[in-house]
Amino acid sequence: MEWMNISYLLAFSSVFVASVSQILLKQSAQMEHKNVILKFLNWRVIVSYGLLLGTTVINVFAYRGVELKVTPMIESTGIIWVTILAVCFLKEKPTRRAVLSILITIFGIIVFSL
């Protein structure tokens with residue numbers, strides 16, 4: 001039972017880390033770069049893709065103890081994390097569409113959990 005709890009924690013952590021990665025990529029995309037090479041070879045992009053690789057490794061271990069029917073629910077929380085992180089770090093104001101998608105996601109998670 002404990003392995004299952006660790007697996008779920010790893011799965012949710014993986015989604016969070018992937019969301020952080022997306023924020024880093026967006027920050028890099030919004031910056032001015034001197035040339036095309038520097039657009040792709042800067043610390044934000046490199047760290048971001050490293051984090052995405054890390055989430056793949058985390059998922060290998062996480063999904064050993066997570067039921068496959070639950071994985072879409074776990075993955076769908078990414079939209080919530082990306083919106084929260086964008087508000088905190090990019091100072092973006094969430095759109096109505098983003099808020100609606102978060103509410104629908106939360107509603108779907110609640111329905112799925114019943």
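Close-up 1. Phe16 is partly exposed at 32% relative accessibility, where buried means under 20% relative accessible area, exposed over 50%, and partly exposed in between, computed with a 1.4 Å probe on protein chains only. The model shown here and in the other views is predicted, so that local features need pLDDT of at least 70 and side-chain atom pairs count only at pLDDT 80 or more, while totals for chains, interfaces and linings use all residues. Residues are numbered from 1 along each chain as its sequence is written, and side-chain values use heavy atoms, with hydrogens and water left out. A pair of aromatic rings is described by the distance of the centres and the angle of the planes. Rings of Phe, Tyr and Trp (for Trp, its six-membered ring) pair if their centres lie within 6.5 Å, and planes under 30 degrees apart count as stacked, over 60 as edge-to-face and the rest as tilted. By this rule the count comes to 1 aromatic pair. The ring centres of Phe16 and Trp81 are 5.0 Å apart and the planes stand at 85 degrees, so the pair is edge-to-face. The pair links distant parts of the chain, with Phe16 in helix α1 and Trp81 in helix α5, 65 residues apart; helices here are DSSP runs (H or I, at least four residues), numbered from the N terminus.

**Close-up 2. The crossing of helices α5 and α6.** The axes of α5 (residues 78-89) and α6 (residues 96-113) come within 9 Å and cross at roughly 145 degrees, the axes being lines fitted to C-alpha atoms over the stretch in contact, with angles that run from 0 to 180 degrees between N-to-C directions. This crossing of α5 and α6 is left-handed, a term that applies if the near helix is turned anticlockwise from the far one by less than a right angle. On the α5 side the contact is made by Ile79, Ile80 and Thr83, which meet Ala98, Ser101, Ile102, Thr105 and Ile106 in α6, where contact means heavy atoms within 4.5 Å. The residues of this contact divide into 5 nonpolar, 3 polar and no charged, with Ala, Val, Leu, Ile, Met, Phe, Trp, Tyr, Cys and Pro counted as nonpolar, Asp, Glu, Lys and Arg as charged, and the others, Gly among them, as polar. Thr105, in helix α6, is buried, with a relative accessible area of 15%. When residues up to four places away in sequence are not counted, Thr105 touches Ser76, Ile79 and Ile80.

Close-up 3. Side chains of opposite charge can pair when their charged atoms come close. A salt bridge is a side-chain nitrogen of Lys or Arg within 4 Å of a carboxyl oxygen of Asp or Glu, and by this rule the count comes to 2 salt bridges. In one of them, the side chains of Lys26 and Glu92 meet at 2.7 Å, N to O. Lys26 lies in helix α1 (residues 2-30) and Glu92 in the loop between α5 and α6, so the pair ties together parts that are 66 residues apart in sequence. Lys26 is partly exposed, with a relative accessible area of 34%, and Glu92 is partly exposed as well, at 28%. Lys91 also lies in the loop between α5 and α6; although Lys91 is not a glycine, this residue has a positive phi of about 55 degrees. Lys91 is exposed, with a relative accessible area of 68%.

**Close-up 4. The surroundings of Lys69.** Lys69 lies in the loop between α3 and α4 (71-76) and is exposed, with a relative accessible area of 57%. Its salt bridge is formed with Glu67, the closest N and O atoms being 3.9 Å apart, and Glu67 is partly exposed at a relative accessible area of 40%. Lys69 and Phe112 are 43 residues apart in sequence, and their C-alpha atoms are 9.9 Å apart in space.

**Close-up 5. Ser28 and its contacts.** Ser28, found in helix α1, counts as buried at 2% relative accessibility. With residues up to four places away in sequence not counted, Ser28 touches His33, Lys39, Asn42, Arg44 and Val45.

Conventions
Helix = DSSP H or I, 4+ residues; strand = E, 2+ residues; numbered from the N terminus.
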